[in-house]
Amino acid sequence: MYAAGEPEINAIAKVIRTGKLFRYMEGSQCARFETRYAKFLGVKHVHMTSSGTAALTAALVGMKIGPGDEVLVPAHTYMATAVAVLACGAIPVIVDIDQSITMDPDAAADLVGPRTRAMIPVHMWGVACDMDRLMRLARKKKLLVLEDACQGVGGAYEGRMLGSIGHAGAFSFNYFKNMTCGEGGAVVTNDETMAQGAKCHVDCCGFYWTGRNGDVVPFVASGSRASELEGAMMNAQLDRIGGLIRNMRSQKKRILRETTKGTGLIANKANSLDWECGTSLMYLLPTPEQAQDFAKAIGGGIAGKTGRHTSNEWDPILARHAATHPAIDPFKLPANRKCRKNYTPAVWKKSLEILNRTVMIGTRPERSEKEVHSLIKKIKAAAKDVLV
């Protein structure tokens, strides 16, 4: 959480005082946020969810992804990206990343098969994917694109807001994200039918309060709607996000500019440095050993050692165990018999090699000029010690 204070407290208190804590009441804070966030992103439809995972799943349901379908996911992303595919009954196919730590368009092109119906590029660590190349691939291969912008809230790609470029987008408002209400998320799209399907998945009983309109016949889903307290906090957070992103983006560009000049340090590839979130500095070291030494010296972390963010840590998927009952386990469904399920680390060896050489350190919007200068000095000193 980057910033929360009196505006968020007052917004939540106001909802409690009104006694209107259900999102379908008049003056809904959730509805207000959805309208405002749609305008912020430049999309037609936004619907709040209980989490980023729920948003991803709802988007895939809206796309009518299901058994018999393969969905391309990157080798480095929070496990929820692949979990959402399985939640729809489909099978995730793991794709290598490139030096931007996002989905490699060439690797994705190589893995498109006869059962591939969609792909989920992930704007990982606030870095934008190469959306121009990925969208060209999608058009050529007739694939649906779901942008996982859970870690890309507030960022953009060449002027277009992350989450608004593909056929649908998904966001997380978890505690660790750029905007937060503790938990929560949103599914977004410009497609009316996708929006209706996603909305039904989020709250299949919603028609009791909003009416039976649209072309989607209501279907059963477990439900993942947001609360008015979350909506209230997100409206306050939305007022903050522009300034936070500008600060972090500017900070990242300055630090990279000053630490890669004459030091031998190489910054990881950026697909849209002027528009991305700027939440993470990333350096690609020559060897994993040097990366370890550099990370220790600057107080950073190794991208390949961030737990559930790397596919060799996705235990349920590696074990091909995706449901409480075998009759509904996507890995055991007859419709998925011919889908690819090769989940061995050798498949994403290239990704691991990049990740284990990548050192990360977060930016902070409140970091002072003095602190920025001190960090630059520390990075330069570490580079001098490590790159010998």
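The model is a predicted one, so local features need pLDDT of at least 70 and side-chain atom pairs count only at pLDDT 80 or more, while totals for chains, interfaces and linings use all residues. Residues are numbered from 1 along each chain as its sequence is written, and side-chain values use heavy atoms, with hydrogens and water left out. Helices (H or I, at least four residues) and strands (E, at least two) are DSSP runs, numbered from the N terminus.

Buried here means under 20% relative accessible area, exposed means over 50%, and partly exposed lies in between (1.4 Å probe, protein chains only). After helix 1 comes G19, with a positive phi near 75°.

Two strands count as paired if DSSP finds at least two bridges between them. Strand 2 is mostly covered, with five of its five residues buried: E70, L72 and P74 point one way, V71 and V73 the other. Strand 2 is joined to strand 3 by five bridges, in parallel, and L72 stands opposite V93 in strand 3. Between these two strands the chain passes through helix 4, and the β-α-β crossover is right-handed. Right-handed means that, with the strands pointing away from the viewer, the path from the first strand over the helix to the second runs clockwise. Strand 2 also pairs with strand 4, again in the parallel sense, over three bridges; here L72 stands opposite M119.

Helix 4 itself (residues 80–87) is mostly covered, six of its eight residues being buried. These are A80, T81, A82, A84, V85 and L86. Helix 3, strand 2, strand 3, strand 5 and helix 11 (315–318) are among what covers them. Just after helix 4, G89 takes a positive phi of about 90°.

Strand 4 (residues 116–119) runs parallel to strand 5 and is joined to it by two bridges, with A118 opposite L144. Together with helix 6 (residues 131–141), strands 4 and 5 make a right-handed β-α-β unit. Strand 5 is also joined, by three bridges and again in parallel, to strand 8 (residues 168–172), where G169 stands opposite E147.

A separate open sheet has three strands in the order 10-12-11, with antiparallel pairing. Its edge strands, each pairing on one side only, are strand 10 (280–284) and strand 11 (301–302). Five bridges link strand 10 to strand 12 (residues 358–362) in the antiparallel sense, and L284 stands opposite T358.

As for packing, a nonpolar core is a set of buried Ala, Val, Leu, Ile, Met, Phe, Trp, Tyr and Cys residues joined through side-chain atoms within 4.5 Å. The largest has 50 residues, and L60, M63, I65, V73, I120, L146 and I317 have the most contacts inside it. Helix 3 (residues 52–62) gives this core its largest share, six residues. A second, separate core of 45 residues includes M103, M119, A149 and Y157. L146 touches, among others, L56, L60, M63, I120 and A168, not counting residues up to four places away in sequence.

Finally, H201 lies in helix 7 (residues 192–202) and is buried, with a relative accessible area of 17%. Leaving aside neighbours within four places in sequence, H201 is in contact with T57, A58, V61, F219, A221 and G223.

Notes
Contact = heavy atoms within 4.5 Å.
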